[in-house]
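I opened this entry to log what I looked up in the model. Notes follow in the order I took them.

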Amino acid sequence: MQSLPPILDMIVLLLFFMLIFSILARYEYFSCTKYFYLSFIHQNFKTIQESFVSLFVLLTTSNYPDVMMPSYHKSRFYALFFIVYLSLELYFLMNLLLAVVYDSFSNLEKSKVKALFFHKHEGCMHAFRLLVTQEVKPSSLNVKHFIGMMEFFQPNRTRREYYLMFKSLNTSKSGTLSNEEFFRVYDVARLKWKLKSASAEIWSSDFPQPFRGAFKGLHRFATWKYFDYFIYAVIAGNFLWILIETISISSSSVIMEKYNFASSWISISFVCTYCVEAVIKMLGRGPKDYFTSGWDVFDFLVTAVSVVGVFGEIFEESFYYVIVLRPFRLLRLFKVKRRYRDVLGTLFLLFSKLISLSICIINVYYFFAIIGMELFLNTELRNCCKNTSVESYYRVSDTGDTGYYYLNNFENIFVSGVTLFELTVVNNWYIIMEGYAHVFSEWVRVYFMLFYIVMMVVMNIVVAFVLESFMFRINYRRQMQLDTIDDDGVYKEEVVLSENEMHMVNVLSCPLTGDFIASSEAGSYVFKGESQRSREDFSLRMYRDEVEEWGKQLRVARQDTINSIEMRRIRPRPNAGTSLEDVSSVGRTSRMNSSTSQSCPTTPDSPAPCFNSSLVPGGRPIRADSDPLSSASVRVRVAGNGGETGVDTELNVSFS
């Protein structure tokens with residue numbers, strides 16, 4: 001909703017210029033016919049409504065150049081009208097609309113990252129204030145309170161993991177966390193910790209000999225770069241073979257249903273090579289490492305489809321449709337070039353979000369399909385548009401001269417969806433609109449034009465979404481100087497623990513302390529923490545200059561808050577100079593005059609009676625006109641200093 005106002009502004013501007021050109025086409029050029037005897041307007045520009053509809057359709061280029069040819073036949077100069085219109089509306093304003101959508105979407109993404117940044121820091125700030133104590137340092141957080149918080153935040157973790165988080169945060173090696181160090185708690189809370197020695201070993205390190213040596217050799221071979229180069233050469237050869245086979249089938253003019261698609265030894269050898277590659281990588285690197293890599297999962301799926309295709313060709317030679325599975329092997333070419341990896345990587349990255357966008361598009365389709373079924377259900381379009389420009393598209397004839405546009409109806413939800421998709425593609429969509437306008441009324445064009453505008457906005461949002469994600473991926477790789485963004489997809493931390501620290505975190509009875517961190521005791525246990533970076537993590541690293549500015553704003557706001565609190569503490573108080581004896585004397589005076597009505601002199605500037613404020617040191621006059629009470633009783637409690645007893649003073653005030 002935040003990006004909707006600028007989009008609506010651009011749509012209004014688009015329609016405004018369309019209306020201006022409609023008026024020009026209807027009046028300016030119509031006046032020229034009186035002098036040059038031109039038939040410029042013919043059937044498309046007879047009225048202002050038809051002129052607007054024709055130019056709206058022209059914006060989609062569905063009726064171009066048909067709408068221009070009658071006037072172009074009379075004079076070549078009238079082509080300037082359509083050239084200027086399309087240049088302004090189609091190539092300038094429509095692209096400007098996409099730019100506005102892209103800019104709004106980019107700013108919205110950045111504002112979300114900024115809001116998340118401030119939200120996390122504010123939460124950390126409040127949590128830090130609650131956890132710090134006055135025992136050690138009022139501005140530092142000790143390990144005991146940190147682990148106590150983490151036990152509530154992540155109760156399924158171990159004591160050792162909590163301590164590893166604390167030590168990774170404590171970059172100053174002071175044994176306590178400062179406010180700035182505590183801000184990274186969200187990052188380290190996601191880390192999965194394990195001993196580096198165990199994590200560096202291959203998955204088969206615990207196997208007995210000779211299996212351990214064999215798997216170690218497979219690991220080296222699977223991670224050998226020339227092994228990947230060999231696979232790329234095999235993929236290129238498979239591509240050339242499929243291309244040659246396809247050209248050979250096409251040139252022989254065979255009937256596809258009768259062609260024998262039995263697998264040749266070449267096809268089987270390519271698929272076997274892919275299978276051997278998958279097995280070597282799974283056994284060498286381990287199933288967990290293999291199936292947690294996006295590219296390896298992609299290779300496995302392509303290989304599985306290739307195996308299904310080969311078995312289909314072997315056991316069912318007449319099932320020629322299995323030939324469509326062969327080109328899927330070539331999808332692995334995306335790994336060869338870095339640009340291809342960026343394209344496919346963007347698709348993988350956007351897959352979950354594209355599902356949400358698809359659901360949004362389906363909802364739009366469903367909304368307009370229901371309206372279309374309510375308006376146009378049981379509409380007969382066969383031979384409906386006689387003596388019109390779209391008559392041939394709806395003609396039904398036994399001679400074979402049949403236009404099939406009568407099938408674009410709204411008889412059920414599925415057919416309505418197909419019709420709406422044809423309108424989305426915009427190729428000859430105006431023929432469908434003109435058919436229903438001829439059968440019903442010219443006002444039904446509003447339904448089709450409104451659907452086009454809504455889908456134009458939705459599709460621009462989709463394009464902006466994909467474009468922003470792709471450009472973010474490219475810019476991130478360039479700014480971080482990476483070969484691919486996947487190289488920076490894992491957040492890693494290493495923490496070294498000493499023998500004393502290991503004993504402290506493993507024995508629950510041992511007290512928790514950060515003294516071992518401050519002592520810089522040498523450690524022998526190296527732990528490695530890893531977690532997958534999210535889109536927010538990439539954004540914070542991408543916008544690091546802006547993040548530094550946001551941090552400055554946060555520190556300035558925090559300092560302003562501290563200064564405001566300090567100003568409230570040192571502000572002057574009305575009774576600050578009143579001693580205990582003064583309060584006692586006031587109490588005695590008030591008891592002596594408790595039954596006496598007090599008033600102050602009446603002046604032209606202060607005509608209303610008031611209570612003398614001298615009875616209340618530092619107090620203000622109480623006026624009868626502003627305080628409607630006829631009497632008031634005020635009890636004052638003043639605590640004594642040292643061992644003195646406090647004084648209770650009651651002031652009874654009446655107004656006359």
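I took helices (H or I, at least four residues) and strands (E, at least two) as DSSP runs, numbered from the N terminus. Just after helix α18, Q481 takes a positive phi of about 55°. I also noted the ground rules: this is a predicted model, local features need pLDDT of at least 70, side-chain atom pairs count only at pLDDT 80 or more, and totals for chains, interfaces and linings use all residues. Residues are numbered from 1 along each chain as its sequence is written, and side-chain values use heavy atoms, with hydrogens and water left out.

**Overall**

I counted 23 helices and seven strands in the protein. For burial I used relative accessible area: buried is under 20%, exposed is over 50%, and partly exposed is in between (1.4 Å probe, protein chains only). Of the 656 residues, 38% count as buried. Contact here means heavy atoms within 4.5 Å. Among contacts with a separation of 6 or more, 70% come from residues 24 or more positions apart.

**Helices and annotated spans**

I went back to α18, which covers residues 445–479. The expected span of a helix is 1.5 Å times one less than its number of residues. With 35 residues, α18 reaches 50 Å from its first C-alpha to its last, close to the 51 Å expected.

I then checked the UniProt record, an unreviewed entry. Its "transmembrane region" annotation covers residues 7–27, 77–102, 229–247, 259–280, 300–323, 343–368 and 446–472. UniProt positions are in the numbering used here, feature names are shortened, and annotations may be inferred rather than shown by experiment. Residues 7–27 are 100% helix, with end C-alpha atoms 30 Å apart. Residues 229–247 are also 100% helix, and their end C-alpha atoms lie 27 Å apart.

**The sheet**

Two strands pair if DSSP finds at least two bridges between them.

β2 and β3 (residues 525–532) pair over eight bridges. K492 has E530 as its bridge partner in β3, and V496 has V526.

Which residues of β2 lie on its covered face? I listed Y491, E493, V495 and L497 there, with V490, K492, E494 and V496 on the uncovered face. In a regular strand the side chains alternate between the two faces of the sheet.

**D296**

I found D296 in helix α14 (residues 294–315). D296 is buried, at 5% relative accessible area. Leaving out residues up to four places away in sequence, D296 touches K281, R285, D289 and Y290.

**Cysteines**

I looked for disulfides, pairs of cysteine sulfur atoms within 2.5 Å. The count comes to zero. For C275, the closest cysteine sulfur is in C272, 6.1 Å away, so it is too far for a bond. C275 is partly exposed at 27% relative accessibility, and C360 is partly exposed at 38%.
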